[in-house]
Amino acid sequence: MNGRQRRQAANIMSVSNGRMESSLVHEILSHLGLANKTAAWGTLGTLRPFLSFNVDKDVQRLLEAIAGQGVDQGTIVDVLTNRNGEQRQLIARAFQERTQQDLLKSLQAALSGSLEKIVVALLKPAAQYDAHELRAALKDISSAEDVGVEILSTRSPPQLQECLTIYKHDFQVEIENDVRSETSGLLRDLLLALAKGTRESYSGIKDYNLAEQDAQALQEAGEMGTGETWIMILTQRNTEHLNRASVIRNIPLYFAEKLHQALQGAEPNYQVLMRILISRSETDLLSIRAEFKKKFGKSLYSSLQETMRGDCRSALLALCRAEDI
């Protein structure tokens, strides 16, 4: 980036943190441009495929855990938090074939409270879980912005398309219809743009002229107090291009801050903690842990350990995996 581009980028950031902070532009800067970054952190998840995976043994362990006199919650947590998403789906299919019963429903019948919720989240395919989180958020205006923008902007285009297909199948409605009926204004426009899932892919060619043009357009849009240009550029351009305009932030830090916020207050926000720890456990949770420690001077594991209560505590700690010294 040349000197002129750096000055424009600096102006953009100052505008977004000043006069326009009351609008969704601040949220756009905070959340968008994240979708294609998971590949760069692909080896930094806390949850990897279990090397000694034996689907029949896992099915037997789960059967014994729910069929005895008392439910063995420890075994259920141990199995589900030490297998990746693909392996958990294999276990669910094998359980169905062996018992003619649905594993998710069997575990729901055996569990309750927060542990039941995290088991449901772990056993649903990732795209289905995202679809149901989106639906719930759109029906609750207090979480529509936070959850809607998080999911729609941090999933890769294939993940997003699968999520939206499941959304339509499970709820018999296009997500755009729900967005239009449940939200308004700039939030509605932002969510509709994201829901199109049309962010361009990085071709490997850096277009410096376009980066400078976009930086100028964003600066002018900020000065006029409008958000349409921000929405168009930040939901359509690929993340490599957006990095050149210096308008997207450190992704692991973004999630670290969300986790920290979820741990504040009299009662932790279990839904946020579950969603982030599960969705990032196979991509960049190690990086999120590092950013958490750097920003807040305390490890994520210790923070969860000290703050969490209830049955799901052990499951969330297992997903987090370990202390950061």
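Trainee: Which residues of helix H11 (residues 175–182) are buried?

Mentor: Ile175, Asp178 and Val179 are buried. Buried means under 20% relative accessible area, exposed over 50%, and partly exposed in between, with a 1.4 Å probe and protein chains only. Helices are DSSP runs of H or I with at least four residues, numbered from the N terminus. Bear in mind that this is a predicted model, where local features need pLDDT of at least 70, side-chain atom pairs count only at pLDDT 80 or more, and totals for chains, interfaces and linings use all residues. Residues are numbered from 1 along each chain as its sequence is written, and side-chain values use heavy atoms, leaving out hydrogens and water.

Trainee: What covers the buried residues of H11?

Mentor: The cover includes helices H8 (126–138), H10 (157–171) and H12 (185–195), with contact meaning heavy atoms within 4.5 Å.

Trainee: How many aromatic pairs does a search of the whole structure find?

Mentor: Three. A pair of aromatic rings is described by the distance of the centres and the angle of the planes. Rings of Phe, Tyr and Trp (its six-membered ring) pair if their centres lie within 6.5 Å; planes under 30 degrees apart count as stacked, over 60 as edge-to-face and the rest as tilted. Tyr167 and Phe171 have ring centres 5.1 Å apart and planes at 65°, so they are edge-to-face. Both sit in helix H10, four residues apart.

Note on methods: Helices (H or I, at least four residues) and strands (E, at least two) are DSSP runs, numbered from the N terminus.
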